[in-house]
Amino acid sequence: MTDNPFDGENLSGAHFERANMSGAHFDGVNLAGAKFFAVLQGASFADTNLSGARYDDVNLSGSAYDNVNMSGIAINNANLSGVKVTQANMTGLHIDGATLTDADIRNADMTGMRIDGVLVSDLFAAHKAAT
């Protein structure tokens with residue numbers, strides 16, 4: 001898929017099922033409300049609208065997100081190992097049953113974001129109290 005980027009497309013509401021999209025480029029793409037049941041290992045999402053998207057049983061390991069709208073996304077049973085996220089709106093994002101080993105999130109608004117049902121703000125507060 002690396003030779004067939006989706007750069008700049010309007011793919012809102014699209015369904016990607018049982019596809020190997022490793023290394024795909026979704027730069028500048030509107031993917032609002034899209035549904036992913038696919039392998040997206042090493043995929044690139046830059047300047048992308050993913051609001052309300054759904055990821056189920058996906059491999060996102062090593063993927064990169066830069067300047068993206070991830071508000072209201074649901075991520076279930078996903079491999080997020082080594083994912084890099086910078087400059088993201090992650091408000092209301094829900095992650096359940098995911099592997100987050102070596103994930104790196106920077107400069108993101110995580111208001112209302114939950115991991116396995118726990119508010120991220122509560123996780124930060126508990127960590128601060130423990131140190």
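## The lining of the largest cavity

The lining of the largest cavity consists of 13 nonpolar residues, with no polar and no charged residues among them. This description, like the rest of the report, concerns a predicted model. Of the 13 lining residues, M70, I75, L80, V83 and V85 lie nearest the centre of the cavity.

The volume of this cavity is about 130 Å³. When cavities of 30 Å³ or more are counted, the total is 1.

In soluble globular proteins, nonpolar side chains tend to be buried together. The largest nonpolar core of this model has 35 residues, and the members that touch the most other members are F26, L31, L50, Y55, Y65 and M70. Two or more residues are given to this core by each of the elements β2 (35-39), β5 (64-69) and β7 (84-89). M70 is also named among the residues nearest the centre of the largest cavity.

When residues up to four places away in sequence are not counted, L50 touches L31, A32, F36, F45, Y55, Y65, N69, M70 and I73.

Strands of a sheet pair through backbone hydrogen bonds, either parallel or antiparallel. In this model, an open sheet is formed by 7 strands in the order β1-β2-β4-β6-β8-β10-β11, and the pairing is mixed. Its edge strands, β1 (15-20) and β11 (118-119), each pair on one side only.

## Strands β3, β5 and β7

Further parallel pairings involve strand β5. Strands β3 and β5 pair in the parallel sense over 3 bridges, and β5 pairs with β7, also in the parallel sense, over 5 bridges. A64 takes part in both pairings: A64 in β5 is the bridge partner of S44, and K84 in β7 is the bridge partner of A64.

## The position of S44

S44 belongs to strand β3, which covers residues 44-46. Is S44 buried or exposed? The relative accessible area of S44 is 17%. Buried means under 20%, so S44 counts as buried.

Apart from neighbours within four places in sequence, the residues in contact with S44 are A24, H25, F26, D27 and A64. Of these contacts, A64 is also the bridge partner of S44 in β5, while F26 is one of the core residues that touch the most other members.

How values were computed
Residues are numbered from 1 along each chain as its sequence is written. This is a predicted model: local features need pLDDT of at least 70, side-chain atom pairs count only at pLDDT 80 or more; totals for chains, interfaces and linings use all residues. Side-chain values use heavy atoms; hydrogens and water are left out. On a 1 Å grid over the protein atoms alone, a cavity is a set of points where a 1.4 Å probe fits but cannot get out, and a pocket is an open set with protein on both sides within 12 Å along at least five of seven lines; lining residues have an atom within 4 Å of a point. Grid points are joined across faces, edges and corners, and a volume is the space filled by probe spheres set on the points. Ala, Val, Leu, Ile, Met, Phe, Trp, Tyr, Cys and Pro count as nonpolar, Asp, Glu, Lys and Arg as charged, and the others, Gly among them, as polar. Helices (H or I, at least four residues) and strands (E, at least two) are DSSP runs, numbered from the N terminus. Buried means under 20% relative accessible area, exposed over 50%, partly exposed in between (1.4 Å probe, protein chains only). Contact means heavy atoms within 4.5 Å. Two strands pair if DSSP finds at least two bridges between them. A nonpolar core is a set of buried Ala, Val, Leu, Ile, Met, Phe, Trp, Tyr and Cys residues joined through side-chain atoms within 4.5 Å.
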